Amino acid sequence: MAKAVKIADRWVGEGYPTYVVAEIGINHNGDLELAKRMIQAAKDSGVDAVKFQKRTPELCVPEEQKGQMRETPWGYITYLDYRYKVEFGEAEYREIERFCKEIGITWFTSVWDERSVDFMEAFEPVCYKIPSAMLTDHSLLRHLRATGRPLILSTGMSTMEEIREAVEVVGTDKLVITHATSTYPCDPTELNLLMIRTLKKEFPVPVGYSGHEVGLIPSVVAASLGACMVERHITLDRAMWGSDQAASVEPGGFERMVKYIRVAEQSLGDGVKRVYESEMSSRKKLRRN
């Protein structure tokens with residue numbers, strides 16, 4: 001059985017309840033109060049943690065894209081300026097930390113560059129998420145492993161060989177791998193949920209699922225296939241401005257998804273055939289022999 005990884009006060013792995021993460025990401029559009037409303041909505045939905053994204057824009061935006069112009073809620077500005085608009089700094093993360101502690105929910109971030117790791121270390125995070133786009137950045141992977149914190153490795157847009165190389169770099173200690181397809185939103189025909197089983201067979205670590213589909217069913221199926229962690233983007237309104245909103249789940253949907261996952265967990269059982277006490281009256285009444 002794959003070992004479990006402890007994130008804050010929860011064990012994540014086989015034999016434990018599915019760890020549900022609501023990814024706020026950059027759906028807050030740089031608005032701290034909106035972010036806090038999303039954290040509260042996630043908490044009310046019954047999730048285990050919320051996740052943000054941390055980038056250093058001048059490092060993460062490709063040189064050829066920095067000057068590209070785009071329409072945004074802040075006007076017609078460069079892509080680099082837009083990336084700065086949606087980044088939170090120390091003051092915002094201190095308030096996020098305070099608010100999450102106040103309402104009792106775990107928070108952590110995806111980190112996209114080494115400087116962002118150094119920034120987040122001041123908050124002593126419970127873990128780090130490695131975004132799919134950074135899976136082949138071995139320098140970043142080594143920098144993250146040096147923190148000694150649990151790591152969640154997302155595998156979208158990656159080949160099996162790239163995944164193997166990344167795991168070789170970070171090792172299997174305190175590692176969770178999540179299956180993902182990096183299309184927003186993702187067509188059901190490309191979700192390939194059986195990859196959860198493939199990854200479980202290949203690597204001796206807990207395996208989860210990071211979904212970008214529309215709807216709830218695939219995420220519940222992922223949990224039924226053995227995903228120890230299910231992560232979905234959360235939004236207050238899918239019609240809001242932002243590239244991830246359409247692949248996100250609104251609070252009511254998140255609440256239903258968590259309930260469905262818990263029912264699925266209860267329904268799986270242990271695979272040992274038995275006659276339940278609740279069946280005995282039917283057995284006596286309906287069996288002829």
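## How α10 meets α11

The crossing of helix α10 with helix α11 is right-handed (for such a crossing, the near helix is turned clockwise from the far one by less than a right angle). This comes from a predicted model, where local features need pLDDT of at least 70, side-chain atom pairs count only at pLDDT 80 or more, and totals for chains, interfaces and linings use all residues. Residues are numbered from 1 along each chain as its sequence is written, and side-chain values use heavy atoms, leaving out hydrogens and water.

So where are these two helices? α10 covers residues 217-224 and α11 covers 251-268; their axes come within 9 Å and cross at roughly 30 degrees. Axes here are lines fitted to C-alpha atoms, for helices over the stretch in contact, with angles from 0 to 180 degrees between N-to-C directions. That angle makes α10 roughly parallel to α11, a label for angles under 35 degrees. Helices themselves are DSSP runs (H or I, at least four residues), and strands are too (E, at least two), numbered from the N terminus.

On the α10 side, S219, V220, A223 and S224 make the contact, and on the α11 side M257, Y260, I261, A264 and L268 do. Contact just means heavy atoms within 4.5 Å.

## The buried side of α10

In α10, P218, S219, V220, A222 and A223 are buried, meaning under 20% relative accessible area with a 1.4 Å probe, protein chains only. The buried residues of α10 pack against α9 (195-202), β11 (207-211), β12 (229-233) and α11. Just past the end of α10, G226 has a positive phi of about 110 degrees.

## α1 and α5

Another pair is α1 (residues 32-45) and α5 (residues 90-103), with axes that come within 11 Å and cross at roughly 25 degrees. That makes α1 roughly parallel to α5. Residues making the contact include I39 of α1 and I96 and C100 of α5.

## W107 and the core

Which residues touch the most other members of the largest nonpolar core? Out of its 63 residues, the answer is I39, V50, F52 and W107. A nonpolar core is a set of buried Ala, Val, Leu, Ile, Met, Phe, Trp, Tyr and Cys residues joined through side-chain atoms within 4.5 Å. Ignoring neighbours within four places in sequence, W107 is in contact with residues including V50, F52, I96 and C100.

## A look at H138

H138 sits in helix α7 (residues 138-145). Beyond its neighbours within four places in sequence, H138 contacts E165, A166 and V169. H138 and V169 are 31 residues apart in sequence, yet 6.8 Å apart in space, C-alpha to C-alpha.

Methods. Angles under 35 degrees count as roughly parallel, over 145 as roughly antiparallel, 65 to 115 as roughly perpendicular and the rest as oblique. Buried means under 20% relative accessible area, exposed over 50%, partly exposed in between (1.4 Å probe, protein chains only).
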